[in-house]
Every structure is written in C-alpha cells, then in structure tokens.
Amino acid sequence: FVAIITWFVEYPDDWERLRGNLPINKPGKRPGYVPLATHFNPTMSTIGSMVPLLAVAMGEMDRLKHTKQQVTHPLREYVAECKAEWESYIRAFKGRGMVDDRPEPPYPYTESMVQDFIDRSAAQWMSRAMQGGLA
C-alpha cells in the first residue's frame with residue numbers, strides 16, 4: 001500500500017485525475033480508516049483503471065510477492081506445516097476433552113492436490129488476462 005501512496009506523491013497529477021472518483025468509506029460499525037473488502041476491491045479497481053501505469057507497477061509487485069512466497073514457502077514444506085497444525089489442533093481438542101475417542105481425521109490435502117489448486121487458479125487468471133481483463 002505504501003507503493004500506492006508513494007506513487008501519488010511522485011505523480012500528483014494522477015491523484016488529481018483520481019480524486020472524487022474513489023468510493024468513500026464512512027465510519028459505522030468500524031472506523032472509516034478500516035475498510036472491508038467490499039470497499040477495498042472497488043477502490044483498487046478504480047485506481048487500476050484510472051491510473052494504468054500504477055496498475056502495471058502493482059502487477060510487477062504482485063509478481064514479486066508471488067515469487068518470494070514460492071521461494072520462502074516451498075509447497076512440500078507448506079503442506080507439511082499445515083498437516084502439523086491440523087494434528088496439533090486434534091491433540092489440543094482431545095487434551096481438553098472436546099472430542100471423543102473416534103479415529104483422528106487425516107489431513108485432507110496432499111501436495112498434488114494443492115499443486116492442482118494452484119495450477120487451476122493460475123490457468124483461470126491467465127485465461128482472464130488473455131481475454132483482456134482481470135476485473
């Protein structure tokens with residue numbers, strides 16, 4: 001988010017073009033400075049459509065985040081950590097008498113399943129990008 005703010009400091013004319021077109025998040029159950037996804041999504045869409053060079057820069061940052069995520073959290077390690085956490089919850093529930101002595105449910109996802117989820121998601125986003133839009 002800092003990159004977006006920095007963009008408008010460096011390119012104030014882009015902010016002037018955008019001003020007045022962003023949705024307003026008024027305080028209610030939450031303070032105005034705590035937006036929900038229902039506010040954040042149209043905000044980002046508006047910024048991306050009205051400031052295309054910023055959208056390109058944000059896409060580059062998203063690719064960098066994706067790469068860093070894959071490098072620092074390899075799939076094998078990630079699934080193993082998820083399985084260990086699943087099993088720790090089972091132990092905690094049993095230790096507190098919250099479940100009976102039925103057999104422990106196995107962790108439901110394998111590496112190949114998670115890889116398939118990732119591949120299907122990537123294919124869907126690539127298809128949408130090739131059709132001319134990610135909105």
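Modeller: Before we start on this predicted model, a contact here means heavy atoms within 4.5 Å; among contacts in the protein chain between residues at least 6 apart in sequence, 51% join residues at least 24 apart.

Biologist: OK, and how many helices and strands are there in the chain?

Modeller: The protein chain has six helices and zero strands, which reads along the sequence as α-α-α-α-α-α.

Biologist: What about the radius of gyration, against a compact globule of 135 residues?

Modeller: Such a globule would be near 14 Å, but the protein chain has 21 Å, and its C-alpha trace spans about 65 × 40 × 25 Å along the principal axes. Of the 135 residues, 13% count as buried.

Biologist: Switching to the histidines, is His39 buried or exposed?

Modeller: His39, which lies in helix H3 (residues 37-50), has a relative accessible area of 15%, and because the cut-off for buried is under 20%, it counts as buried. Leaving aside neighbours within four places in sequence, His39 is in contact with Pro23, Ile24 and Asn25.

Biologist: And where is His66 found?

Modeller: His66 is in helix H4 and is partly exposed, at a relative accessible area of 45%. The C-alpha atoms of His66 and Arg102 are separated by 40 Å, with the two residues 36 apart along the chain.

Note on methods. Residues numbered from 1 in each chain as written. Predicted model: local features only at pLDDT ≥ 70, side-chain atom pairs only at ≥ 80, totals over all residues. Heavy atoms only, no water. Helix = DSSP H or I, 4+ residues; strand = E, 2+ residues; numbered from the N terminus. Buried < 20%, exposed > 50% of the residue type's maximum accessible area, 1.4 Å probe, protein only. Rg over C-alpha atoms; globule rule 2.2 N^0.38 Å.
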